[in-house]
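Reader: I'm new to this one and would like to go through it step by step. Could you show it to me?

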Amino acid sequence: MSSYDPNNIFAKILRGEIPCGKVYEDDHVLAFKDINPQAPVHILVIPKGEYVSISDFGAKASAEEIKAFFDAVSKIAEEQGLSGEGFRTITNAGLNGGQEVPHFHLHILGGRRLGPMLTKLAA
Ligand code: AMP
């Protein structure tokens with residue numbers, strides 16, 4: 001796994017160097033609107049710690065950070081009115097996963113029927 005790049009765009013958001021549409025923050029977690037939404041609600045949830053991917057987060061984050069992260073996901077889904085009708089979470093990891101920003105993030109998508117999980121791509 002590659003090492004953490006402190007110049008990635010989410011690190012800049014965490015340092016306040018770039019603005020974001022914040023929807024949630026606590027000691028361990030920040031969540032903000034995706035700049036290129038793929039659904040009526042599209043939020044990115046990120047840990048404040050420096051983790052490249054979900055694997056890195058799972059391997060290195062403390063139990064407190066991991067609990068805070070998933071508590072935040074539940075709270076945000078509730079606050080955004082997604083709990084009743086449902087929603088989707090996605091985390092892309094690495095090259096095959098199509099991860100663009102190398103700071104672990106979870107997408108929360110909802111507000112409409114999202115259809116099949118993956119679009120079939122030509123081989
Ligand atoms: P991924 O492909 O899982 O790494 O997703 C990265 C996501 O970050 C994409 O959905 C982008 O639209 C989103 N994104 C990139 N830059 C920003 C930004 N400055 N503010 C909010 N979302 C961003």
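Author: Let's start with a term: a residue is buried if its relative accessible area is under 20%, exposed if over 50%, and partly exposed in between, with a 1.4 Å probe and protein chains only. Keep in mind that this is a predicted model, where local features need pLDDT of at least 70, side-chain atom pairs count only at pLDDT 80 or more, and totals for chains, interfaces and linings use all residues. Residues are numbered from 1 along each chain as its sequence is written, and side-chain values use heavy atoms, with hydrogens and water left out.

Reader: Okay, then is Phe104 buried or exposed?

Author: The relative accessible area of Phe104 is 1%. Buried means under 20%, so Phe104 is buried.

Reader: Which residues form one aromatic cluster?

Author: Rings of Phe, Tyr and Trp (its six-membered ring) pair if their centres lie within 6.5 Å; planes under 30 degrees apart are stacked, over 60 edge-to-face, and the rest tilted. There are six aromatic pairs in the structure. The cluster is made up of Tyr51, Phe57, Phe69, Phe70 and Phe104.

Reader: Why is the pair of Phe57 and Phe69 called tilted?

Author: Helices (H or I, at least four residues) and strands (E, at least two) are DSSP runs, numbered from the N terminus. Phe57 sits in helix α2 and Phe69 in helix α3 (residues 63-79), 12 residues apart. Their ring centres are 5.2 Å apart, and because the planes stand at 55°, the pair counts as tilted.

Reader: And what is the angle between the planes of Phe57 and Phe104?

Author: Phe104 is in the loop between α4 (94-97) and β5 (106-110), 47 residues from Phe57. With a relative accessible area of 2%, Phe57 is buried. The two rings are 4.9 Å centre to centre in another tilted pair, and the angle is 35°.

Reader: How many salt bridges are there?

Author: Here the rule is a side-chain nitrogen of Lys or Arg within 4 Å of a carboxyl oxygen of Asp or Glu. One of them joins Arg15 and Glu17, at 2.7 Å from N to O. By this rule the count is five.

Reader: How many residues apart in sequence are the parts that Lys48 and Glu25 tie together?

Author: The closest N and O atoms of this salt bridge are 2.7 Å apart. Lys48 lies in the loop between β3 (41-47) and α2 (54-60), whereas Glu25 belongs to strand β1 (residues 22-25), so the parts tied together are 23 residues apart.

Reader: What is Cys20 in contact with, leaving aside its neighbours within four places in sequence?

Author: Contact means heavy atoms within 4.5 Å. Cys20 lies in the loop between α1 (9-14) and β1, and is partly exposed at 32% relative accessibility. Its contacts are Ile13, Leu30 and Phe32.

Reader: Last one: how much of the ligand's area does the protein bury?

Author: An oxygen atom of the ligand is 2.5 Å from an N or O atom in the side chain of Asp34, and a polar side-chain atom of His107 is 2.8 Å from a ligand oxygen. Accessible areas come from the Shrake-Rupley method with a 1.4 Å probe; for residues, only the protein chains shown count as cover. Taken alone the ligand exposes 510 Å², and the part buried by the protein is 87%.

Technical notes. A polar contact is a pair of N or O atoms within 3.5 Å; within protein, one must be able to donate a hydrogen and the other to accept it, and residues adjacent in sequence count only if both atoms are side-chain atoms.
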